Amino acid sequence: MTDSVVTRFAPSPTGFLHIGGARTALFNWLYARGRGGKMLLRIEDTDRERSTPEAIDAILDGLKWLGLDWDGEVVYQFQRAARHREVAEQLLASGQAYHCYATQDELKAMREKARAEGRTRLYDGLWRDRDSSEAPAGLKPTIRLRAPQTGETVIEDQVQGRVVWQNESLDDLVLLRGDGNPTYMLAVVVDDHDMAVTHVIRGDDHLINAARQKQIYDALGWELPSMSHIPLIHGPDGSKLSKRHGALGVEAYRAMGYVPAALRNYLVRLGWSYGDQEIFSTQEMIDAFDLPAIGRSAARFDFAKLENLNGHYIRHADDQSLVSMFEDLLSYLPERAELKAKLNDTTRAQLLQAMPDLKQRAKTLVELIDSSYFIFADRPLSIEPKAAALLTPETRELIAKLRIALETVAPWTAETTEAATRAFAEANNLKLGAVAQPLRVALTGRTTSPGIFDVLAVLGREECLARLGDQTPG
């Protein structure tokens with residue numbers, strides 16, 4: 001392949017980067033990266049009322065967090081309005097477009113009549129061949145494309161195959177509104193052309209737009225980019241993806257503790273098939289991804305599958321990188337500020353030491369944070385009600401005796417503390433569990449925790465003896 005492949009991701013900043021948009025960005029990124037090409041980023045902010053700086057920031061942050069970089073500067077569509085108007089005027093001058101002076105009432109009547117007659121073409125060509133001298137005074141005209149009225153408009157789509165529209169059912173679409181603002185249809189064509197985009201990869205909700213945009217390309221004598229319209233993502237029940245199913249912004253997945261590599265891996269397999277392989281490194285995705293392998297039917301979102309995949313990535317991640325991800329997530333979650341404040345050289349080292357055990361049990365980074373609570377707990381520990389029920393006078397006496405037995409342990413490791421605890425249990429004719437569970441409650445305040453001897457090793461002698469001392473009588 002040459003390095004001439006240019007894709008683009010072109011979100012509208014009317015909300016966060018949702019999961020479907022993230023997958024579209026990923027597909028564009030993989031296709032370009034796998035062919036030595038470029039992926040460009042264009043913010044389609046022509047809807048001035050709904051486009052917000054916050055949404056733009058969220059889209060850029062979401063892409064960066066996912067690890068999807070783009071080439072060159074971000075292009076903002078609204079800033080290119082003068083260029084879009086110039087092209088509309090060019091089409092007008094060449095006779096490929098015309099001024100339309102239809103009033104809102106006339107347009108409404110046309111639409112109602114067309115629908116009543118079952119026609120999809122809603123504009124009846126009222127001003128297509130009329131002279132502007134007949135125009136009502138004071139009315140600013142729109143500029144409409146003089147679309148072909150016979151024959152077919154055809155897209156050879158890499159995912160959908162050959163798609164055909166009858167021109168008699170397509171409108172003379174508006175290119176420039178009466179207020180001089182370009183329409184989305186015109187802006188997209190001009191921007192894709194000027195940005196030298198070779199491959200348009202987007203959701204199949206844009207398929208009808210492809211027909212209209214092809215007519216603009218033809219009128220301008222420009223070459224149409226390769227088109228690929230990918231099916232949308234549905235919920236597990238097959239209905240349109242909603243928030244209930246997981247149609248959330250990428251930032252929500254970040255907050256829930258998913259790691260970027262796992263989310264990328266999950267998204268690439270939503271609709272794209274590559275044998276039975278489920279786990280892909282980023283390089284494997286780049287090498288293998290191709291457009292014809294995308295299915296035509298909607299992909300189904302499966303939270304359980306994503307969670308399992310995320311657990312796989314956490315288990316196989318380097319311990320130090322997990323500590324970094326842990327810290328990054330704490331910085332991202334305001335409600336975890338108190339925990340973030342407790343990160344220092346000592347707790348980081350303890351977290352790193354605990355990570356081999358912690359990561360075996362966690363499916364998300366949030367679970368990882370929750371299971372590491374014992375490292376950051378303040379003394380005296382807050383004891384959960386279920387755990388407090390185990391702290392009877394008898395078990396407190398047991399903890400006091402165990403504390404004495406542990407005081408002489410050296411060196412202080414998971415192995416040496418386990419040996420001492422087992423010896424203590426045998427000497428007192430007790431099963432290990434009868435000693436380990438009160439020990440767990442005294443050290444963590446809970447009935448469940450990572451392996452108790454790992455907890456002992458991570459907390460260290462001084463902290464363990466102090467916590468045990470807090471729970472002993474007198």
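How many bridges join strand 1 to strand 2, and in which sense do these strands run? Four bridges join strand 1 (residues 6-9) to strand 2, and the two run parallel. The model is predicted: local features need pLDDT of at least 70, side-chain atom pairs count only at pLDDT 80 or more, and totals for chains, interfaces and linings use all residues. Residues are numbered from 1 along each chain as its sequence is written, and side-chain values use heavy atoms, with hydrogens and water left out. Helices (H or I, at least four residues) and strands (E, at least two) are DSSP runs, numbered from the N terminus. Two strands pair if DSSP finds at least two bridges between them.

Thr7 has Met39 of strand 2 as its bridge partner. Strand 2 covers residues 38-43, and five of its six residues are buried. Here buried means under 20% relative accessible area, exposed means over 50%, and partly exposed lies in between (1.4 Å probe, protein chains only). Strand 1, helix 1 (residues 19-33) and strand 2 build a right-handed β-α-β unit. A crossover is right-handed if, with the strands pointing away from the viewer, the path from the first strand over the helix to the second runs clockwise. Strand 2 also pairs with strand 3 (residues 75-76), in the parallel sense and over two bridges. In that pairing, Ile43 stands opposite Tyr76 of strand 3. The chain passes from strand 2 through helix 2 (residues 53-66) to strand 3, and this β-α-β crossover is right-handed.

Strand 4 and strand 5 (residues 142-145) run antiparallel and are joined by four bridges. Cys100 stands opposite Thr142 in strand 5.

The nonpolar interior was examined next. A nonpolar core is a set of buried Ala, Val, Leu, Ile, Met, Phe, Trp, Tyr and Cys residues joined through side-chain atoms within 4.5 Å. The largest such core has 103 residues, of which Leu63, Phe289, Phe301 and Phe374 touch the most other members. Helix 20 supplies the largest share of this core, 10 residues. Apart from it lies another core, of 19 residues, including Ala88, Leu173, Met185 and Ala219.

Helix 19 spans residues 432-444. Its expected span is 1.5 Å times one less than its number of residues. For 13 residues this gives 18 Å, and the end C-alpha atoms are 18 Å apart, which agrees. Buried residues of helix 19 are Val435, Ala436, Pro438, Leu439, Arg440, Val441, Ala442, Leu443 and Thr444. They pack against helix 15 (373-376), helix 16 (385-388), helix 17 (393-407), helix 18 (414-427) and helix 20 (452-470). Contact here means heavy atoms within 4.5 Å. Just after helix 19, Gly445 takes a positive phi of about 80 degrees.

Most residues other than glycine have a negative phi, and most peptide bonds are trans. Asn429, not a glycine, has a positive phi of about 55 degrees. Asn429 lies in the loop between helix 18 and helix 19, and is exposed, with a relative accessible area of 73%. Ala196 also has a positive phi, near 60 degrees. Ala196 sits in the loop between helix 5 (184-194) and strand 9 (199-203). Its relative accessible area is 46%, so Ala196 is partly exposed.

Two peptide bonds are cis. The bond from Arg379 to Pro380 has omega near -10 degrees, and Pro380 lies in the loop between helix 15 and helix 16. The bond from Ala410 to Pro411 likewise has omega near -10 degrees. Pro411 is found in the loop between helix 17 and helix 18.

Ser281 belongs to the loop between helix 8 (260-268) and helix 9 (282-288). Ser281 is partly exposed, with a relative accessible area of 36%. Ser281 and Ala261 are 20 residues apart in sequence and 8.1 Å apart in space, C-alpha to C-alpha.
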